Amino acid sequence: ALTGLGSGEKVPVMTETGLTEVTTRQPIPFGHKVALRDIPAGGEVLKYGEVIGVATQPIQAGEHVHVHNVASRRGRGDLQRPA
């Protein structure tokens with residue numbers, strides 16, 4: 001979020017198929033992420049087209065995406081593949 005968003009705000013989103021909108025389900029603090037579509041538990045979480053983590057629980061479109069529902073894949077030695 002480029003600004004703090006309140007619950008119930010409609011956010012315009014450009015997708016592959018055109019302009020749509022997502023309605024926030026709770027406040028989204030400045031600099032945090034909001035789900036643009038439903039993500040199942042175990043599903044990949046993308047930011048700017050890059051996988052940044054895995055959903056630890058189902059996340060609905062419009063929900064706050066942060067450490068409470070995403071496990072990061074960055075800097076995790078336990079997730080590295082053996083050489």
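Buried here means under 20% relative accessible area, and by that criterion 28% of the 83 residues in the protein are buried in this predicted model.

View 1. Of the contacts between residues at least 6 apart in sequence, 33% join residues at least 24 apart. The protein exposes about 5,900 Å², of which carbon and sulfur atoms supply 54%.

**View 2. The largest nonpolar core, made up of eight residues.** This core comprises Ala35, Ile39, Val45, Ile52, Ala55, Ile59, Val65 and Val70. When neighbours within four places in sequence are left aside, Val70 is in contact with Val45, Gly53, Val54, Ala55, Thr56, Ile59 and Val65. A second, separate core holds six residues, among them Leu5, Val11, Val13 and Val22. In soluble globular proteins, nonpolar side chains tend to be buried together.

**View 3. Asn69 in the loop between β6 and β7.** The loop that carries Asn69 lies between strand β6, residues 64–65, and strand β7, residues 70–72. Asn69 has a relative accessible area of 0% and is therefore buried, the cut-off for that term being under 20%. The side chain of Asn69 reaches the backbone nitrogen of His66 at 3.0 Å. Leaving aside neighbours within four places in sequence, the contacts of Asn69 are with Val54, Ala55, Thr56, Gln57, Ile59, Glu63 and His64.

How values were computed
Residues are numbered from 1 along each chain as its sequence is written. This is a predicted model: local features need pLDDT of at least 70, side-chain atom pairs count only at pLDDT 80 or more; totals for chains, interfaces and linings use all residues. Side-chain values use heavy atoms; hydrogens and water are left out. A nonpolar core is a set of buried Ala, Val, Leu, Ile, Met, Phe, Trp, Tyr and Cys residues joined through side-chain atoms within 4.5 Å. Buried means under 20% relative accessible area, exposed over 50%, partly exposed in between (1.4 Å probe, protein chains only). Contact means heavy atoms within 4.5 Å. Helices (H or I, at least four residues) and strands (E, at least two) are DSSP runs, numbered from the N terminus. A polar contact is a pair of N or O atoms within 3.5 Å; within protein, one must be able to donate a hydrogen and the other to accept it, and residues adjacent in sequence count only if both atoms are side-chain atoms. Accessible areas come from the Shrake-Rupley method with a 1.4 Å probe; for residues, only the protein chains shown count as cover.
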